[in-house]
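The sequence and structure are shown first.

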Amino acid sequence: MTVHNETTAAKFMETIRKIKSYEEALGLLYWDLRTGAPRKGMDTRSEVIGVLSGDMFKLSTSPELGEYLNELEQPAAQEQLSDIERKLVSETRKDYDRSVKIPPKLYQEYVVLSSQAESKWEEAKANNDYASFQPYLEKVIDYTQQFIDLWGPKATRYDTLLDQYEPGMTTAELDRVFGGLREQLVPLASAIAASPHQPDTSFLGQKYDKQAQKGFSLFILNQMGYNFEAGRLDESVHPFATGLNPGDVRITTRYLEDDVTSALFGTIHEGGHALYEQNLMPELIGTTLCTGTSMGIHESQSRFWENVIGRSKPFWEQYFGQLQEKFPGQLDVSVEEFYRGINVVEPSLIRIEADELTYNLHIIIRYEIEKMIFNEGAKAADLPQIWNDKYKEYLGIEPPSNAEGVLQDVHWSGGAFGYFPSYSLGNMYAAQIADTMERELDGFWNLVGRGELLPIKEWLTERIYKFGKLKSPSELIQDVTGKPLDPQHLVTYLERKYKDIYKL
């Protein structure tokens, strides 16, 4: 590398570290906002977030960064870069070309708006008051439409948004994948509904001490290998994980007194995200590659731990006794009855509490609504009715209130349109990864049944976690499983599990 390029590389890395530092500071402010910051300070906090986001945005779209990229993309410079540096240059180029099309002032306005909208959503959900949230959502949609125009629409306007969360994913591909899922899962759901062997869930409908729930959640996180010296568990309206850096990855959950499983599975889910972020290779720290490769792959880890492991029979054969000890006299059933009870399949209103099978229908509903907003011009005022109609069509139930309907998820308030499909993609990736793990990791289910979860975490670290964004989602799934994403693995997994539970 010439002296000039060495200087350029150093300046480039310094800029990347600054951008990453802003990201970390903003992540901490966001976490604080969602975990108990005083309500009176929220508007001012949103302004602060807007200012810092604006500065970060200016840095990530600066002419200087563009010049560094131009120089480092030259063949002679590329030869002198490490694999990590080359990948960092190519990923930064993608982000730069996308972001440089957005005027900094517009971006800063949007960040302030979305931060305020999230706080307004919290209030609106608590008060079942969609009308107070609607103006904020209208503005968030309007800004997103402006961004699509500036970025330049892909095959459809919605494709432009999908690409942010799952690079290369298109509506054409999702229509095909989701269509296939729907065709196979709806008959399975019907057969389950008609089965005379319905699990008993009556024992779940009791009051469960919140502190005891928290204690068991902390215990299970420890079992999974979550490092409490590099993280913490807090409470929020909607569970989430915040990866500031591998040494500080925080998670939240939501405790419901009348549901012993909601906080537990929420914690395991967010713990799956956190294991990914805590186990990135040290060489990536301080770079924008120090995170998961896509939201679909990230969700595959949360869904793998929550469902494949956390809702399995071997898991509860090991841990049910400890759960019973936390709630003396309350869970007076066999481990088999508990396992069947927590895997009951029935149409429900709330996505994050849906069973594994109907969960995908919740995602398809949101996917179709988002397509309607951006490809067909559906308005915010119409969304409650559209939402209710789709729940009736797909799940045969209608939300009694907007709090249990269109207001239940935080995502749209923060402008995360295009994110929801990641959850179902995550289910597909998780099933395919689990299939490979069953074959490659000696005695996989015996390990789960003995509570030896650390070898599973290590297997995932070596094949997925440590790489961060060094590999694309398609490269990663190909390298881990030996083939591209195949949704049939999810169908096979669900059929095997639920035909057993419902004796089909």
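## Overall dimensions

Of the 504 residues in the protein, 57% are buried, where buried denotes under 20% relative accessible area, exposed over 50% and partly exposed in between, with a 1.4 Å probe and protein chains only. The model is predicted: local features need pLDDT of at least 70, side-chain atom pairs count only at pLDDT 80 or more, and totals for chains, interfaces and linings use all residues. Residues are numbered from 1 along each chain as its sequence is written, and side-chain values use heavy atoms, with hydrogens and water left out.

The protein has 21 helices and three strands; helices (H or I, at least four residues) and strands (E, at least two) are DSSP runs, numbered from the N terminus. Its radius of gyration is 23 Å, close to the 23 Å given by the globule rule for 504 residues, so the protein is as compact as a globular protein of that length. The radius is taken over C-alpha atoms, and the rule is 2.2 Å times the number of residues to the power 0.38. Along the principal axes, the C-alpha trace spans about 70 × 55 × 45 Å.

## The sheet and its helix

The three strands form an open sheet of mixed pairing, in the order β1-β3-β2; two strands pair if DSSP finds at least two bridges between them. At the edges lie β1 (233-235) and β2 (241-245), each pairing on one side only. Neighbouring strands are turned by 25° against each other on average, direction ignored.

Four bridges join β2 to β3 (residues 248-253) in the antiparallel sense. Alanine 241 has isoleucine 251 of β3 as its bridge partner. Helix α11 (residues 262-278) lies across β1, β2 and β3 and runs at about 165° to β3. Axes are lines fitted to C-alpha atoms, for helices over the stretch in contact (heavy atoms within 4.5 Å), and angles run from 0 to 180 degrees between N-to-C directions.

## Helix α6

Helix α6 (residues 104-127) has 24 residues and reaches 35 Å from its first C-alpha to its last, close to the expected 34 Å. The expected span is 1.5 Å times one less than the number of residues. Asparagine 128, which follows α6, has a positive phi near 50°.

## The nonpolar core

The largest nonpolar core has 152 residues; such a core is a set of buried Ala, Val, Leu, Ile, Met, Phe, Trp, Tyr and Cys residues joined through side-chain atoms within 4.5 Å. Residues with the most contacts inside this core include Phe12, Phe304, Trp316 and Leu460. Helix α15 (residues 356-376) gives the most to the core, with ten residues.

Leaving aside neighbours within four places in sequence, phenylalanine 304 is in contact with residues including Ile309, Met437, Phe444, Ile456 and Leu460.
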